[in-house]
Structure formats: structure tokens, C-alpha cells
Amino acid sequence: MLRGRIWKYTPNPLKYTPCETMTIRKIRLYPDPILRQKCRPVDLQEIETAYIQDLVNDMVKTMYHFEGTVGLAACQVGEPVRIFVMDSTAKTTRDRLKVLINPTINAQSQWKYSREGCLSFPDYIVTVKRARKMILSWHTPAGEQVEEDLRDFEAIIAQHEFDHLEGILFLDRIKNINTDLIIRSHQPEQAVITD
Ligand SMILES: [Zn+2]
């Protein structure tokens with residue numbers, strides 16, 4: 001049986017429902033070596049385990065804890081598995097929550113520039129090229145496989161988080177360090193499309 005502590009995973013996207021057992025986890029900051037690891041896939045049988053269910057619940061709570069944050073990868077909280085969570089509404093309506101286990105990018109198109117922050121780099125904001133449209137498939141915490149067309153802000157968030165699963169950081173995608181890197185005092189995991 002699936003634990004299903006906070007959600008029945010239909011329909012997708014979800015409305016966030018807090019749960020007492022969820023905890024805010026510590027964010028790993030660059031240059032923590034875990035951010036450079038290629039994360040391992042989650043076995044389908046493993047999805048229902050307490051390890052994975054607790055991890056995704058905690059990741060959701062941790063993402064919403066940080067103001068303006070729209071995505072978080074498992075390696076950013078110290079677990080090198082192929083999971084990320086995202087919600088393009090950040091802290092507003094909290095009704096675009098997605099929990100993606102073993103995501104696969106099936107197509108990408110319409111490349112544009114995106115301005116992004118990252119929780120693991122609190123002092124930087126960068127401009128990188130991302131696809132404005134993508135087709136992504138993944139497993140939900142209930143073990144279901146889903147495929148969706150993501151576009152604009154959601155597509156960009158998903159690409160940033162997917163990179164984390166590969167050990168790729170947004171600094172790796174900068175073309176010109178003089179123009180594409182801005183130092184900020186504080187910037188959450190965030191993305192803004194710029195043409
Ligand atoms: Zn990031």
C-alpha cells in the first residue's frame with residue numbers, strides 16, 4: 001500500500017496541504033560536492049517507502065518555506081536521488097505543485113533566455129538559455145506515470161531542477177560571465193523569462 005500521507009495524486013497539479021510530520025531540511029550550498037553528483041534513479045518499488053515519501057513531503061515543505069521559491073531538487077537537501085518538486089505559484093496560491101520522480105525530458109523547443117536564482121547559490125542571479133516548451137514524463141509519489149507539456153515558467157523551472165539531477169548547475173550554462181551573472185544579496189530559486 002502507498003502511504004499517501006498528504007495527497008491522493010490526482011488530479012495533477014496538486015493543491016498543497018501541510019502535514020505535521022513534514023520538516024524543513026537544510027539546503028546544501030555550493031560548493032557542496034553533492035550538488036555535482038549525478039543523482040540515482042528511484043526504483044518503482046522504492047517510491048512507497050518511508051524514505052521517499054518522507055523526503056518528498058519534506059521537500060515540498062522546504063520549498064514553500066523559502067520566500068518566492070518555485071523549485072527544489074532532492075540533492076539540494078542532501079539526497080542524491082532523481083526527484084524534484086516545483087510550484088510556479090511559489091507562496092501565493094500553492095496550487096500548481098508537482099512532485100516529479102525519475103523525470104525524463106522527451107522534447108524541448110523554442111529556446112529563450114531566462115533569468116534565474118538558485119537556493120544553493122544565495123548570492124547570484126544568472127541569465128541562461130532554456131526551452132520555452134517541453135514534454136516531460138515522470139512518476140508521481142503514488143507510483144503513477146504521467147506525461148505533460150510544460151511551457152514558459154513551468155518549463156524553465158523544470159529544466160533548472162532537472163539539471164540539478166544531472167549535477168549541472170546554472171553557472172555551467174552561462175555564456176558570458178561579465179553580462180550573464182549578477183551578484184545579489186538574496187535571491188530564491190526563481191526564474192523569469194527574458195526574451
Ligand atoms: Zn537550483
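**View 1. Helix H1 and its buried residues.** Ile52, Leu55, Val56, Asn57, Asp58, Met59, Val60, Lys61, Thr62, Met63 and Tyr64 of H1 are buried. Buried means that 20 or more other C-beta atoms lie within 10 Å of the residue's own; exposed means 12 or fewer, partly exposed is in between, and C-beta atoms are placed from the backbone. The model is predicted: local features need pLDDT of at least 70, side-chain atom pairs count only at pLDDT 80 or more, and totals for chains, interfaces and linings use all residues. Residue numbers start from 1 along each chain as its sequence is written. H1 covers residues 50-65, 16 residues in total. From its first C-alpha to its last it reaches 22 Å, close to the 22 Å expected at 1.5 Å a residue. The expected span is 1.5 Å times one less than the number of residues in the helix. Helices (H or I, at least four residues) and strands (E, at least two) are DSSP runs, numbered from the N terminus.

**View 2. What H1 packs against.** The buried residues of H1 pack against strands E1 (71-73), E2 (83-86) and E3 (98-118). Val56 of H1 is buried. Leaving aside neighbours within four places in sequence, Val56 is in contact with Ile83, Val85, Val99 and Pro141. Contact means that the C-beta atoms of two residues, placed from the backbone, lie within 7 Å.

**View 3. The largest nonpolar core.** This core has 42 residues. Val56, Met59, Val60, Ala74, Phe84, Val85 and Ala158 have the most contacts inside it. Two or more residues come from each of H1, E1, E2, E3, E4 (121-139) and H2. H1 gives the most, with seven residues. A nonpolar core is a set of buried Ala, Val, Leu, Ile, Met, Phe, Trp, Tyr and Cys residues joined through C-beta atoms within 7 Å.

**View 4. Strands E2, E3 and E4.** E2 and E3 pair in the antiparallel sense over four bridges. Strands pair if DSSP finds at least two bridges between them. Met86 has Lys98 in E3 as its bridge partner. E3 and E4 also run antiparallel, joined by 14 bridges. They form a hairpin with two residues between the strands. Along this pairing, Gln108 is the bridge partner of Met134 in E4. Gly117 stands opposite Ile125 in E4.

**View 5. E4 with E5 and E6.** E4 pairs with E5 (residues 145-151) in the antiparallel sense over seven bridges. Ile135 has Asp149 in E5 as its bridge partner. Five residues lie between the strands of the E4 and E5 hairpin, where Gly143 takes a positive phi near 85 degrees. Three bridges join E4 to E6 (residues 181-183), and these strands run antiparallel. Ile125 has Ile182 in E6 as its bridge partner. Ile125 of E4 also stands opposite Gly117.

**View 6. Helix H2, largely enclosed.** H2 spans residues 152-165. Its 14 residues should span 20 Å at 1.5 Å a residue; the end C-alpha atoms are 21 Å apart, which agrees. Eleven of these 14 residues are buried, so the rest of the structure largely encloses H2. The buried residues are Glu154, Ala155, Ile156, Ile157, Ala158, Gln159, His160, Glu161, Phe162, His164 and Leu165. Gly167 follows the helix, with a positive phi near 80 degrees.

**View 7. Leu165 in H2.** Leu165 counts as buried because it has 23 C-beta neighbours inside 10 Å. Beyond its neighbours within four places in sequence, Leu165 is in contact with Cys39, Ala73, Arg82 and Phe84. Lys38 is 127 residues from Leu165 in sequence, yet the two are 5.9 Å apart in space, C-alpha to C-alpha.

**View 8. The protein chain and its confidence.** The chain has two helices and seven strands. Read along the sequence, the pattern is α-β-β-β-β-β-α-β-β. Of its 195 residues, 38% are buried. Among contacts with a separation of 6 or more, 70% link residues 24 or more positions apart. The mean pLDDT is 87, and 85% of the residues reach 70 or more. Residues 1-11 have pLDDT below 50; in the model, this stretch has 20 contacts beyond near neighbours in sequence. pLDDT is the predictor's confidence in each residue, from 0 to 100.
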